[in-house]
Amino acid sequence: MTNLKTILLCVQVNFRKWLVNPRIYVLAVITVAFLAYHSSGLSQFATEKEVGIAPWIFPHLSLPPTMQVFACFIVLLFCDAPFADRHMPFLAIRTSRRNWVIGQLVYIILASFIYTAFICVMAALVLIPNLEFSKDWGILMKTLAMRPEMAPVNVTVFFNPDVLKMFSPFQAMIISFGLFWLVSVFIGVLIFCFNVVIEKMSGLVASGVFIFMSLFSIVEGRFIFGDWIGYLSPISWMNISYLDWKGTGLTPTPTFAVFCLVITSVFMGILSTIIFCRKDMKIQDWGY
């Protein structure tokens, strides 16, 4: 019988493991280091021009190959799904299998939200001391969006002028946060589902295929098959620039992207729950 209290207990247990899990600390460190490296050219350019950088950097970060790097970080966060360690049998017996597995899925949703928020905040903090609060996009972002040729070669953050025109910073931040969160949940549930249904390292293989597709669909795939291949690359939808906001029909619309990410995540979650409740526990097959 499904019980909210026991589900939340399973979620709480997973978050408590973060305190003693070195992988979480490594992930946090390499995420901050990557963000600092990725934004270093922009900070140097701002210093040279003596202008500040508005904190609304998050919507502009996840362009290839940065998008694929973030996807790999998310895989690292959820690579051990369904999180079955030596404590799992006792917790599953106490809470019931169904409650336990639902708790793991809720954990993926919450952990994805926390990690998305972490990237969003740290993306701005690494810009210190060039960070300057502004209600709009700021002169630096506007300039580089309209005249990208002004950016030196070491600047690896690019600004889409259409995004700056269509959205206010607050709108772009909220939309980008939601898209990144949904894609993170999708990756986490994908790994979870494959590791439960097929076992072994199938979750890592499946996520690797989608990461490859996100790069292929944007570069070679578009030239070979056309823009429609973007419909087969859900990881690409974490970037606001790869969705169809003008109704051209060439790329997925925001509604289509959100609908597909939610439906596929729910479907994989339900499938995982059914299969897990019917299978024998094989902890040694899920530990990495």
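Visitor: Why is Thr116 called buried?
Guide: Thr116 has 0% relative accessibility, and buried means under 20%, so Thr116 counts as buried. Keep in mind that this is a predicted model. Thr116 sits in helix α5, residues 97–125.

Visitor: Which residues does Thr116 touch, leaving aside its neighbours within four places in sequence?
Guide: They are Phe58, Phe177, Phe180, Trp181 and Ser184. Each counts as a contact because heavy atoms lie within 4.5 Å.

Visitor: How do you know that α4 and α5 meet?
Guide: On the α4 side there are Met88, Leu91, Ala92 and Thr95, and these meet Arg97, Asn99 and Trp100 of α5. By class, four residues of this contact are nonpolar, two are polar and one is charged. The axes of α5 and α4 (residues 88–95) come within 6 Å, crossing at roughly 115 degrees.

Visitor: Let's move on to Asp244. Is it buried or exposed?
Guide: Asp244 has 7% relative accessibility. The limit for buried is under 20%, so Asp244 counts as buried. Asp244 belongs to the loop between α10 (220–225) and α11 (254–278).

Visitor: Which other residues is Asp244 in contact with, beyond its neighbours within four places in sequence?
Guide: Those are Gly249, Leu250, Thr251, Pro252, Thr253 and Pro254.

Visitor: Where does Asp244 stand relative to the second largest pocket?
Guide: That pocket holds about 260 Å³ of space. It is lined by 16 residues, and Asp244 is among the closest to its centre, together with Ser241, Leu243, Trp245 and Thr251. The lining divides into seven nonpolar, four polar and five charged residues. Helix α7 (residues 161–166) gives the most to this lining, with three residues.

Visitor: And what makes a space a cavity rather than a pocket?
Guide: In a cavity, a 1.4 Å probe fits but cannot get out, whereas a pocket is open. The search of the whole structure finds three cavities of 30 Å³ or more, and the largest cavity has about 70 Å³ of space. Its lining includes Arg222, Trp237, Tyr242 and Thr251. By class, that lining has four nonpolar, four polar and one charged residues.

Note on methods
Residues are numbered from 1 along each chain as its sequence is written. This is a predicted model: local features need pLDDT of at least 70, side-chain atom pairs count only at pLDDT 80 or more; totals for chains, interfaces and linings use all residues. Side-chain values use heavy atoms; hydrogens and water are left out. On a 1 Å grid over the protein atoms alone, a cavity is a set of points where a 1.4 Å probe fits but cannot get out, and a pocket is an open set with protein on both sides within 12 Å along at least five of seven lines; lining residues have an atom within 4 Å of a point. Grid points are joined across faces, edges and corners, and a volume is the space filled by probe spheres set on the points. Helices (H or I, at least four residues) and strands (E, at least two) are DSSP runs, numbered from the N terminus. Ala, Val, Leu, Ile, Met, Phe, Trp, Tyr, Cys and Pro count as nonpolar, Asp, Glu, Lys and Arg as charged, and the others, Gly among them, as polar. Buried means under 20% relative accessible area, exposed over 50%, partly exposed in between (1.4 Å probe, protein chains only). Axes are lines fitted to C-alpha atoms, for helices over the stretch in contact, and angles run from 0 to 180 degrees between N-to-C directions.
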